Amino acid sequence: MEKKVFDKKQIEILARHLFLIALLLIILFPVLYIISISLNPTGGIGSPLIPSHFSLDHWKYILGIPYKDSSTGEIIVSSFPIMRWLFNSIKVSLITAFLILLLSTTSAYALSRFSFQGRKTSLLVLMVTQMFPSIMGMVAFYLMLNFIGDYLPFLGTDTHWGLILVYLGGTPFNIWLIKGYFDTIPKSIEESAIMDGCSRFQAFYRIVLPLSAPILAVVGLLAFIGTFSDFILPSILLKSQDKFTLAVGIQIFISEAFSSRWGQFAAACIVGAIPISALFLSIHKYIISGLTSGGIKG
Amino acid sequence: MVKAILWSILSILYFAGIYLCTMFFNGGHLLIGVISLVVIVLTGIIFINPKAYPFRFMYPGLLTFSLFMVIPIIFTVYIGFTNLSTGHFLSQKQVYEILTNEVYVPPSSENTPSTFQYTLAKDSSTESYLLEIEGKWSTAFVLTGKAQNINLAETVANQAIAANKTPLSRGDIYNLRNELALIDFILPSGSIVKYFRTNLLAPLIYRYAPMENSEALKDLITNKVYTPNYQTGFYTSDNKEHLVPGFYVSVGISNFKNLLNDQGLRGPFIQIFIWTFLWALLSVFTSFCLGMLLALVVNSKKLALRAVYRVLLIIPYSIPFFISMLVFKGMLNKDFGIINEMLAFAGITDKINWLGDPLWAKVSCLMVNLWLGFPYMFLVTTGILQSVPESVYEAAKMDGAGRFATFKSITLPMIFSAIAPFLVGSFAFNFNNFVGIYLLTGGGPPIAGATTAAGETDILISYTYKLAFEGGMGQHFGMASSIAIMIFFIITAVTLANFKASGIFKEERR
């Protein structure tokens with residue numbers, strides 16, 4: 001009797017394993033496929049799943065290293081600045097993440113610690129507006145940056161700073177997240193510091209900020225990932241090839257010639273996906289708890 | 001130290017802001033000037049008045065939020081009620097200026113030819129230009145960038161161009177055209193010629209003359225009178241001829257009316273509208289089902305490698321969406337894609353047109369979005385399952401509940417009671433999931449009979465994008481914005497309903 005129950009449970013666990021493994025094979029197939037393509041010297045869009053031999057030609061192509069084409073023997077250097085696009089993406093995302101942190105921590109602090117007129121209204125407005133994706137205002141953004149560019153050329157369309165400026169409208173959600181965390185830090189710590197002669201601002205950046213390092217890291221990383229992955233705003237605002245972010249550049253790169261650039265595209269995808277994927281997986285536990293305060297990207 | 005740096009950065013920004021504000025007023029942008037003035041005054045008050053101390057913390061974040069969230073929304077609403085589009089990009093003032101600066105060459109008569117050939121050379125030692133017209137008259141002058149009158153004299157032999165100066169090429173002259181156009185060249189006969197082409201000067205006459213006491217313009221060639229029409233955004237004559245370019249005007253609700261009444265717009269718009277809802281609902285439903293199923297399967301204490309499964313299952317979600325979408329676009333390619341090849345290997349040799357057939361394209365979008373979206377639901381459901389205290393299950397076991405009964409009356413109600421906000425959030429996200437459609441199918445295949453770039457898989461936001469920024473059929477900023485307004489209302493309704501249901505408003509009032 002005892003033994004039979006044990007068997008039944010073992011079978012159930014085994015079934016769970018089998019189910020998960022089968023499903024994972026399907027789910028992870030595109031990932032494995034793209035890795036295989038990036039190492040396949042022919043690398044056409046219809047290449048076999050497991051290459052007959054491996055080469056790093058596609059990787060050299062996207063890294064801008066000259067290599068000899070295996071079939072024609074000519075020396076090939078990429079005419080697309082793919083690494084530049086990656087660099088642009090990282091640059092824009094880093095600056096955006098930093099500025100968003102700067103702007104939203106101070107606002108969150110005020111909302112968490114001070115009582116002033118308009119506090120409740122501010123909170124409500126922030127909560128409602130954080131639901132709107134900025135892309136609904138895409139026409140307005142485009143026209144606004146066009147206008148600003150007439151006066152301040154470094155902030156106009158086709159500039160990275162202009163793009164960053166538009167991203168700074170997305171602070172409400174972050175303010176909301178950080179405020180929630182500040183609320184959990186006891187006020188008494190700052191109050192005693194202020195009694196000891198600390199100014200309000202010093203109490204903020206010497207005491208509260210270090211204590212909130214975890215949430216600041218999560219918000220910063222989320223802003224970084226979100227900016228890096230954005231397609232629509234850079235595609236509207238950026239015009240010249242050497243200013244593209246990876247999302248825009250890679251889309252144009254592959255859409256122009258789907259079948260002949262598949263191998264190089266695969267390598268570029270991996271280069272773009274690995275840092276973001278790694279960052280995301282490293283913070284996914286925090287995201288589960290953060291998720292309870294609203295949708296992040298899904 | 002930190003304080004000093006902050007204050008100096010602030011003051012620099014502040015003075016830059018004041019300078020910018022004066023520039024706006026000088027440029028004639030009254031409204032924008034006033035807005036920036038308000039911002040500047042407000043900033044001053046907040047950083048000088050000690051009573052406004054809390055706002056010093058609030059202000060920077062609130063300012064960028066207002067400038068790049070609130071103002072764009074208001075601006076979008078405004079554009080939605082105009083006809084801003086290809087052919088109507090300029091204000092009436094700008095169009096008036098363009099028209100009144102339009103010139104024409106009067107027809108030639110016997111003693112006055114209409115155009116004059118000329119050569120231009122540069123004397124690099126004195127930075128002056130040498131001009132010779134038809135070998136007869138010549139002069140030397142300096143480009144000042146301002147309007148000026150230059151008299152020409154009869155050429156003395158070997159004086160001007162002939163003196164070993166190479167004439168400028170037409171390309172060089174083209175680069176100087178704006179400065180040259182400012183100059184009136186006065187011929188010895190007293191007639192005035194102006195820059196016309198890179199090789200021709202001509203006695204140019206302004207074609208459209210302003211009429212006294214009205215905004216109308218008179219065409220001096222045909223003698224027709226054109227008055228600005230504020231319904232259509234054109235300068236129009238009595239017999240309904242209009243001048244290009246047009247200008248933008250407020251058109252009231254006619255963008256909305258056109259979307260619902262116009263033959264070529266109405267059908268596609270309604271189709272896109274329905275598909276947007278269907279797409280968002282089905283995306284949420286499928287990814288929730290798969291995500292929940294997986295969460296239930298993985299969430300067993302006895303399952304080894306649970307943490308590994310979890311990480312592997314959320315890999316699709318961790319990859320930037322734009323990358324996954326483009327990879328799938330290649331894999332679903334009808335002729336070369338790996339998916340059709342694998343189907344052929346399995347015996348299905350009919351190539352499925354995954355992205356080009358109206359129905360299959362929709363199926364592809366949903367399948368790919370399931371791949372992208374289920375890990376989110378998996379994460380959320382896992383979080384909910386983990387929040388159920390162990391003691392609840394133990395109590396159920398004590399009471400003699402079987403595993404199925406426990407699942408049915410504890411686990412499922414637990415999930416459903418907590419999942420609602422996430423489903424709504426996910427619905428709102430997918431409703432505007434531009435990347436999920438645009439990078440896979442580009443909204444295509446096109447809807448037959450549509451007069452705009454509407455596609456079978458287009459959702460409202462991708463349709464908006466295509467109307468505004470894909471120039472093939474002109475750029476319709478006005479109509480794009482009016483669709484954005486509709487999206488705005490739908491999202492607001494969904495959001496408010498969600499907040500009300502989840503009681504967030506009450507919580508905040510507490």
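Q: Is A:D158 buried, exposed or partly exposed in this structure?
A: In this predicted model, A:D158 is placed in the loop between α6 (138–151) and α7 (160–167) of chain A. A residue is buried if 20 or more other C-beta atoms lie within 10 Å of its own, and exposed if 12 or fewer do. Because A:D158 has 15 other C-beta atoms within 10 Å, the class that applies to A:D158 is partly exposed.

Q: About what value does the positive phi of B:N223 have?
A: B:N223 is found in the loop between β12 (217–219) and β13 (225–229) of chain B. With 7 C-beta neighbours inside 10 Å, B:N223 counts as exposed. Although B:N223 is not a glycine, its phi is positive, at about 65°.

Q: Is A:G272 buried or exposed?
A: The place of A:G272 is in helix α14 (residues 262–291) of chain A. The cut-off for a buried residue is 20 or more other C-beta atoms within 10 Å. Since A:G272 has 26 C-beta neighbours inside 10 Å, A:G272 counts as buried.

Q: Which residues of chain B does A:G272 touch, not counting residues up to four places away in sequence?
A: Within chain A, the C-alpha atoms of A:G272 and A:S89 are separated by 9.5 Å, while the two residues are 183 residues apart along the chain. The contacts of A:G272, not counting residues up to four places away in sequence, include A:L86, A:L246 and A:I250. From chain B, the residues that A:G272 touches are B:P320 and B:I323.

Q: Which helix gives the most to the side of chain B that touches chain A?
A: The contact between the chains takes 74 residues from chain B and 73 residues from chain A. By class, the side of chain B that touches chain A has 56 nonpolar, 15 polar and three charged residues. The most residues on that side, 15, are given by helix α3 (residues 53–80) of chain B.

Q: Which residues of chain B does A:M138 touch, not counting residues up to four places away in sequence?
A: A:M138 is one of the residues that touch the most other members of the largest nonpolar core. Leaving out residues up to four places away in sequence, A:M138 touches A:I232 and A:I236 in chain A, and in chain B it touches B:Y465 and B:A468.

Q: How many residues does α3(A) give to the side of domain 1 of chain A that touches domain 2 of chain A?
A: The domain assignment divides chain A into domain 1 (2–76) and domain 2 (82–291), and 33 Å separate their centres, taken over C-alpha atoms. The contact takes 14 residues from domain 1 of chain A and 13 residues from domain 2 of chain A. On the side of domain 1, the elements that give two or more residues are α2 (29–38) and α3 (57–63) of chain A, and the largest share comes from α3(A), with five residues.

Q: How far apart do the C-alpha centres of domain 2 of chain B and domain 3 of chain B lie?
A: In the domain assignment of chain B, domain 2 covers 92–100 + 207–243 and domain 3 covers 103–206. The contact takes six residues from domain 2 of chain B and four residues from domain 3 of chain B. The C-alpha centres of these two domains of chain B lie apart by 31 Å.

Q: What is the bridge partner of B:L131 in β4(B)?
A: An open sheet of eight strands in chain B has the order β5-β7-β8-β9-β2-β3-β4-β6, with mixed pairing. Strand β3 (residues 128–133) and strand β4 (residues 137–141) of chain B pair in the antiparallel sense over five bridges. In β4(B), the bridge partner of B:L131 is B:T139.

Q: What radius of gyration does chain A have?
A: Along its principal axes, the C-alpha trace of chain A spans about 80 × 75 × 35 Å. A compact globule of 298 residues would have a radius of gyration near 19 Å, but the value for chain A is 25 Å.

Definitions and conventions. Residues numbered from 1 in each chain as written. Chains lettered and ligands numbered in written order. Predicted model: local features only at pLDDT ≥ 70, side-chain atom pairs only at ≥ 80, totals over all residues. Domains from an automatic or database assignment. Contact = placed C-beta atoms within 7 Å. Helix = DSSP H or I, 4+ residues; strand = E, 2+ residues; numbered from the N terminus. Nonpolar A, V, L, I, M, F, W, Y, C, P; charged D, E, K, R; others polar. Core = buried A, V, L, I, M, F, W, Y, C linked by C-beta atoms within 7 Å. Pairing = 2+ DSSP bridges. Rg over C-alpha atoms; globule rule 2.2 N^0.38 Å.
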